[in-house]
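Here's a quick briefing to read alongside the model.

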Amino acid sequence: MSTAPAASPPPAPSGTPPLSMKDRLRSLRGAWTSGRMHLPLREDHLFLLLAVIIGLYAGLAVVCFRIAIDWARLHFLGSTLAPSWPRVVLVPGVVGLVVAFLVIHFFPRVRGSGVNQTKAAMYIYDGYIPFNTVIGKFITCVLAIGSGQSLGPEDPALQMGAGMASALGRRLRLAREKLRLIAPVGAAAGLAAAFNAPISAVLFVIEEVIGKWSAGVLGAIVLAAVSSVVVERGFLGEEPLFRVPPYHLVHPAELLAYAALGVVGGFASILFVKLVVWARAHLKRLPRWTQYLQPAAAGLLIGVVGIWFPQVMGAGYLFIDQALHDQFTWQMLALLGAFKILSTSLSFTSGTPGGMFAPTLFIGAMVGGAVGGIEHHFFPWLTGSVGAYALVGMGVFFAGFLRAPFTSVFMILEVSGNYSIIVPVMVSNTIAYLLSRRFQATPLFDVLSRQDGMDLPSMEEQREETTLRVEDAMRPYAGPFLRDEDRVVDALRRAEDSAVDFLLLPGANGVWRGFRKEALQKLAQEGQADMLLGIAVTENTLPWVHPDQPLEVALREIGDWPLLPVVHRADLRKLEGVLSLANILEAYRVASPPRS
Amino acid sequence: MNPEDPESNVLADAAPGPRQASDRDAILLLSLFGLAILFTIAGVAARLFHAKERSLGQEWYARGQADLKVGKAQVAIKDFRNALAYSRDNALYRLHLALALTAANRTDEARAHLLNLWERQPGDGTVNLELARLAARQGKTADAVRYFHNAIFGVWPGNPDEARRDVRFELCDFLLAHGLKTEAQAILIELATDLPKDADLHVRVADLFLAATDYSHALKEYRAALDINNRSEPALAGAGEVAFHTGDYRTARRYLDRTVRLNPQNQGAAQLLETTNLILSIDPLMRGLSAWERASRVVRAYEQAATRLAACAGKRQEVLGGTEPDAEIQALSDRVSTLRPKMRERTLARDPDLLTQTTDLVFEVEEVAARKCGPASGLDLALLLLARQRGGAEP
């Protein structure tokens, strides 16, 4: 990369009049150009630098976003945790009308899940997310969450990060491949700042948006996530989102109690998913004019719930923190969990912009705390604090509802900063995840994207895809086993006894050669019948594969060869089987389910 | 870009030309400029918002304190919760929330908040003291004692010596209320070692020693108080009471007499003084008495005991339904009647064995009567106290 060097103005001699502003700017530009000449920026380096800049932007945006939400709440609902009932009932409804108007007329893309929109940008629109979406998401989410709709700021933060990254990438005219990847980088930065948890954000984006580990993009994602978290902590403080009390496993048998939590949390998450999917499908079918009223109606109903349970309004971090510190009875926790499921379903399915992460954690904490409270009531000697169950419950719901098992485990570790909780978290999360898979075949994000008419790649399906391997397609070698020490005439005789036309010859150092019968006949006719094969056949070195390698490797290697030797990993001269193009295609055909 | 670099060639289709690179530089510079603006906006917003949060927290805290002061604990709880919403790590707000919850009898919730504070500051004296009070309220004696001790050795703002002394006093009260006298004595001895020159504090410690039935230490502390202020009425009364309990009735009379003279309204001291005077007037075992005087006191005691026994026998018969007399009282009455012919000063003065036998009988009568017919008063009380003192029991 090079730029034309600008002529630097000569330094002003002493005694001459001071430089004008224009001269100073010119001098600055000259210094910049000269510096850039010595520091050529390759595309990869630019991508990493961009990741840091995106992280900083996302972090700052999230700081402003969170402050704006809190300001909005203060103005809409007042400074008390339990506002007066007219406010609680009216504010979410009235603001819901405004939000609906803004969404329908100005920001139609801010509806729905930010995760899916980032995936759509990556897989459908070549990384394109209009900047208008970022602004729209900011404004509408501030209004919605600030007025008490039961939604969280993480998903919007993710989408805002992705949108800003996309805008910057477009302005910098990045290559298409990089532009596609820049949106997830921004998404990770936004989510990391919103969660104050960089590891979980990186994992979530890889697990749910990108779907694969790639060294190139991982570096950028990590840089962006770390930058955004540093900025966010700089402005909003070092405190974690939740202050987790000390935890220890009371008794190994307590794992059974956590397993029970996994079961309850798993079924609760299934109920939540089904409710969201069912309600969203029904509400989408209603006439278009109802979209003006749906957020308001949802807000009104949430307000009614909020008269008795104001905790369910908004993101609810404060109450998650209280649940983690045993500040609710188990009955209250159970009620809060149930009403939050209802409120969040109403808010989300009505098309109100906002995220599901915080509500998921809220419900998980409440359900977990309630289960822990009941267990503690019956088995006080066996179970630890209710707060520990609330913490594990958050992960359980994350695994069961959002179906991000790795993120769910690491998120709890990151949030708690306590390694000893990993065993209960793994037990509970795995159970919840498996139950959710068993009773809800398609993950929530995939169902939502299909409801919106998009067929985005399902990361869970990708993870579950069985990879065809060489051993699935290889066949036994039916030809004669020749050696370098065999004479050409002997080899020809044995070849003629066999039906195989293409013969294999293993050589030293795992070199395999292949040739047709005609080649042997030609050698015999040329008077080289008594020559050793190792000397006579020196060309046609074949590529080989191992049985455990993916079939794709064989497809790439086979080229025009009629056969590929499949050799043992520990003994490259040992033939395990052979593979032809027909075998490979047949294996793919058998493995592919017929399309309906 | 190096054209020989294979990696660069891979990206050849994306490689920017000089003009595009220049545009990129400009955009990068602009984006840095944008960052600076956004930093400023976020900084101002964060500063304003934190200030608002702080002021809201303080406002709700002040409201909570006011509500708690006038006994509106439930309202105060809401106020403190609101305050905490704006400053969730503020220990003062949380502590007051716990106090409000305790005041509203929501002890489990209060405990959760206090434990939350304790986890962050296990050495905080105030938190440990509140946890101790809560445990005491919930009847968890061992926990309460543990938290009291933590509070004693904890960190206190302001005047830590005074705070620790107050906790020790509170712990002693708690221990004595639960009958743990030995443990209380240990704390009191510790407490007494570094008391400032304050008569009231010495009296307070002495009172607690007295409650722990550690009379020698109690008397020492009362005397220390009197050394500071020899007209301290509680110290005089306390010293009199200790002397009374130890059977040193002469000393008791001296202190009690001064007390009553200092404050004639002090009914307790006056009553004790009266009993002391009665004891001193009838005690047949007092040193320094002439044989005649001793015999005379025994005769008076005998008459008093006989009257008390007769009254008690009648009362018991009433209680038992008037059919059968109480066997024990009957046996004593028989012994009293047997001795009656010998109850003359001259006889008793000449027969020390008879004198001792009569005295023993008198004491036995008073003990039995007190056990069977209720508390004694007047001279009977004096005799009973003497009987108990002689028997080794506490008067």
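A contact here, or one residue touching another, means heavy atoms within 4.5 Å. With that in hand, Tyr222(B) touches Val203(B), Ala206(B), Asp207(B), Leu210(B), Pro234(B), Ala235(B), Gly238(B), Ala239(B) and Val242(B), leaving aside residues up to four places away in sequence. This is a predicted model, where local features need pLDDT of at least 70, side-chain atom pairs count only at pLDDT 80 or more, and totals for chains, interfaces and linings use all residues. Residues are numbered from 1 along each chain as its sequence is written, chains are lettered from A and ligands numbered from 1 in the order in which they are written, and side-chain values use heavy atoms, with hydrogens and water left out.

**Confidence**

- pLDDT is the predictor's confidence in each residue, from 0 to 100; chain A has a mean of 87, and 94% of its residues reach 70 or more.
- Over residues 1–14 of chain A the pLDDT is below 50, and this stretch has 23 contacts in the model beyond near neighbours in sequence.
- Where pLDDT is low, the predicted coordinates should not be read in detail.
- Helices (H or I, at least four residues) and strands (E, at least two) are DSSP runs, numbered from the N terminus.

- Two strands pair if DSSP finds at least two bridges between them; chain A has an open sheet of 3 strands in the order 1-2-3, with antiparallel pairing.
- Strand 1 (502–506) and strand 3 (541–542) of chain A are the edges, each with a single partner strand, so one side of each has no neighbour in the sheet.
- Strand 1 and strand 2 of chain A run antiparallel and are joined by 5 bridges, with Phe502(A) partnered by Arg516(A) in strand 2.
- Those two strands, strand 1 and strand 2 of chain A, form a hairpin with 5 residues between them, and Asn509(A) in the turn has a positive phi of about 60 degrees.
- Buried means under 20% relative accessible area, exposed over 50%, and partly exposed in between (1.4 Å probe, protein chains only).
- Strand 2 of chain A has 4 of its 5 residues buried, so it is largely enclosed by the rest of the structure.
- Axes are lines fitted to C-alpha atoms, for helices over the stretch in contact, and angles run from 0 to 180 degrees between N-to-C directions.
- Helix 22 (residues 517–525) of chain A lies across strand 1 and strand 2 of chain A, at about 80 degrees to strand 2.

**Helix packing in chain A**

- Helix 13 and helix 14 (residues 357–378) of chain A pack at about 155 degrees, with axes 8 Å apart.
- Angles under 35 degrees count as roughly parallel, over 145 as roughly antiparallel, 65 to 115 as roughly perpendicular and the rest as oblique; helix 13 and helix 14 of chain A are therefore roughly antiparallel.
- A crossing is left-handed if the near helix is turned anticlockwise from the far one by less than a right angle, and right-handed if clockwise; helix 13 of chain A passes helix 14 of chain A in a left-handed one.
- Residues meeting across this pair include Leu333(A), Gly337(A) and Ile341(A) from helix 13 of chain A, and Phe362(A), Met366(A) and Ala370(A) from helix 14 of chain A.
- Helix 4 and helix 8 of chain A pack at about 60 degrees with axes 10 Å apart, in a right-handed crossing.
- Among the residues making that contact are Val115(A) and Met122(A) of helix 4 of chain A, and Phe204(A) and Val209(A) of helix 8 of chain A.

**Positive phi in loops**

- Asp126(A), not a glycine, has a positive phi of about 55 degrees; Asp126(A) sits in the loop between helix 4 (114–123) and helix 5 (131–146) of chain A and is partly exposed at 27% relative accessibility.
- Asn196(A) also has a positive phi, near 55 degrees, in the loop between helix 7 (176–195) and helix 8 (198–210) of chain A, but Asn196(A) is buried at 8%.

**Buried spots in chain B**

- Tyr222(B) lies in helix 11 (residues 215–228) of chain B and is buried at 0% relative accessibility.
- Ser31(B), in helix 2 (residues 18–69) of chain B, is buried at 4% and touches Ile53(A), Tyr57(A) and Leu168(A), not counting residues up to four places away in sequence.
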